[in-house]
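Let's take a walk through this one, starting with ring pairs, moving on to charged pairs and ending with a helix crossing.

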Amino acid sequence: MKKLLIIVLAAVIGMTAVEAQQLSKRDLKAQKKALQQEIANYQAQGWTVAPGNLSMAEQITRSKTFINALNDNGEPKYVTGEAIAVAQTYKAAMQSALSGVKLNAASQINSEMNALTAADLANVEEANKEAISIDKVVTAARDKVAATLSRGINLVTMHRELKNGNIELRLVYAYDFDRMMDNAKKATRQALQEEIDQLKKQL
């Protein structure tokens, strides 16, 4: 399979099979060098991985795989959320970072939620449309999505101890895009209805 891939690459870009194979090796070597440099940069800044977790190299490599993963339609398969938190203990930093990760992931689909809200507004009574703030609805929907996020895939968990003794923790999670969009549809409709109900109370 690998030889076939090299031959196909050669045919596409007008190379010989040997030249393509050499290019493939160079790419792998360059990727390995870049990974080593990235790890060195983290370690130089004091970042480390707790015992029992995947190594830093494995975490970084795995995260890139998920970030670049596409579905059958060529769209991103996952939404990634990232957060950094500081607390007096590792556990407290983890809890804070996890909340930040969910909110960050939900923020990644803001444009989709804007579109969903605009579509739902088409079914709203004309008298209420002008008074409704799409930004307010989307913000409320984003918070609802973040609160319901579960089954995330932990990609990166690294930490470092600061000079004052506090723990700084960096966390990256991946969430299934399709599942998040299902949650977003429910959340935007709920947030929109809540906004309409609030407007009616003010009349």
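Keep in mind that this is a predicted model. An angle over 60 degrees would have been needed for edge-to-face, and one under 30 degrees for stacked. Phe66 belongs to helix H3 (residues 56-68) while Tyr78 belongs to strand E1 (residues 78-87), so the pair ties together parts that are 12 residues apart in sequence. As for solvent, Phe66 and Tyr78 are both buried.

The other pair to look at is Tyr173 with Tyr175. Here the ring centres are 6.1 Å apart and the planes are at 25°, so the pair is stacked. Tyr173 is buried, and Tyr175 is too.

Now for the charges. Searching the whole structure turns up seven salt bridges, and we'll stop at a few of them. Asp120 and Arg189 join through their side chains in one, with 3.7 Å from N to O. Asp120 comes from helix H5 (residues 110-121) and Arg189 from helix H8 (residues 177-202), so this bridge ties together parts that are 69 residues apart in sequence. Is Asp120 buried or exposed? Its relative accessibility is 14%, and because the cut-off for buried is under 20%, Asp120 counts as buried.

Next, zoom in on Glu168 and Arg160, another salt bridge, where the closest N and O atoms are 2.7 Å apart. Both partners, Glu168 and Arg160, are buried. Arg142 and Asp143 make a salt bridge as well, with 3.3 Å between the closest N and O atoms. In that one, Asp143 is partly exposed, at a relative accessible area of 37%.

Let's go back to the two helices that hold Asp120 and Arg189. How do H5 and H8 cross? Their axes come within 9 Å, at an angle of roughly 45°, which makes H5 oblique to H8. H5 makes a right-handed crossing as it passes H8. On the H5 side, the contact is made by Glu112, Met113, Leu116, Thr117, Asp120 and Leu121. H8 brings Phe177, Met181, Ala184, Lys185, Thr188, Arg189 and Leu192 to the contact.

Conventions: Residues numbered from 1 in each chain as written. Predicted model: local features only at pLDDT ≥ 70, side-chain atom pairs only at ≥ 80, totals over all residues. Heavy atoms only, no water. Helix = DSSP H or I, 4+ residues; strand = E, 2+ residues; numbered from the N terminus. Buried < 20%, exposed > 50% of the residue type's maximum accessible area, 1.4 Å probe, protein only. Phe/Tyr/Trp six-rings, centres within 6.5 Å; stacked < 30°, edge-to-face > 60°. Salt bridge = Lys/Arg side-chain N within 4 Å of Asp/Glu carboxyl O. Axes fitted to C-alpha atoms, helices over the stretch in contact; angles between N-to-C directions. Parallel < 35°, antiparallel > 145°, perpendicular 65-115°, else oblique. Left-handed = near helix turned anticlockwise from the far one by under 90°. Contact = heavy atoms within 4.5 Å.
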